[in-house]
Amino acid sequence: MNIGIIGAGNLGATLARHLKALGHDISLANARGVEGVTAISSQRPWPLPT
């Protein structure tokens, strides 16, 4: 399933990590720009679309 999450804070990042582990495709957006999303995706073993 394709899932979009708005907000890359603690809740959004945790939700994205768990849903990705379950095999879902995740798109993550952040109001503060791509830097926050890039930082989150670089900490994970899987890439997030930007």
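**Briefing: a predicted β-α-β-α model**

Among the elements of the protein, strand β1 (residues 2–6) has the highest mean pLDDT, at 90, while helix α2 (residues 34–42) has the lowest, at 66. Here pLDDT is the predictor's confidence in each residue, on a scale from 0 to 100. This is a predicted model, so local features need pLDDT of at least 70 and side-chain atom pairs count only at pLDDT 80 or more, while totals for chains, interfaces and linings use all residues. Residues are numbered from 1 along each chain as its sequence is written, and side-chain values use heavy atoms, with hydrogens and water left out.

**Confidence**
- The protein's mean pLDDT is 77, with 70% of residues at 70 or more.

**Fold**
- You get two helices and two strands, taken as DSSP runs (helices: H or I, at least four residues; strands: E, at least two) and numbered from the N terminus.
- Along the sequence they run β-α-β-α.

**Packing and surface**
- Of the 50 residues, 30% are buried (buried is under 20% relative accessible area, exposed over 50%, partly exposed in between; 1.4 Å probe, protein chains only).
- Among contacts (heavy atoms within 4.5 Å) with a separation of 6 or more, 22% link residues 24 or more positions apart.

**Salt bridge**
- The count is one, where a salt bridge puts a side-chain nitrogen of Lys or Arg within 4 Å of a carboxyl oxygen of Asp or Glu.
- D25 and K20 form a salt bridge through their side chains, at 3.9 Å from N to O.
- D25 is partly exposed at 42% relative accessibility, and K20 is partly exposed at 25%.
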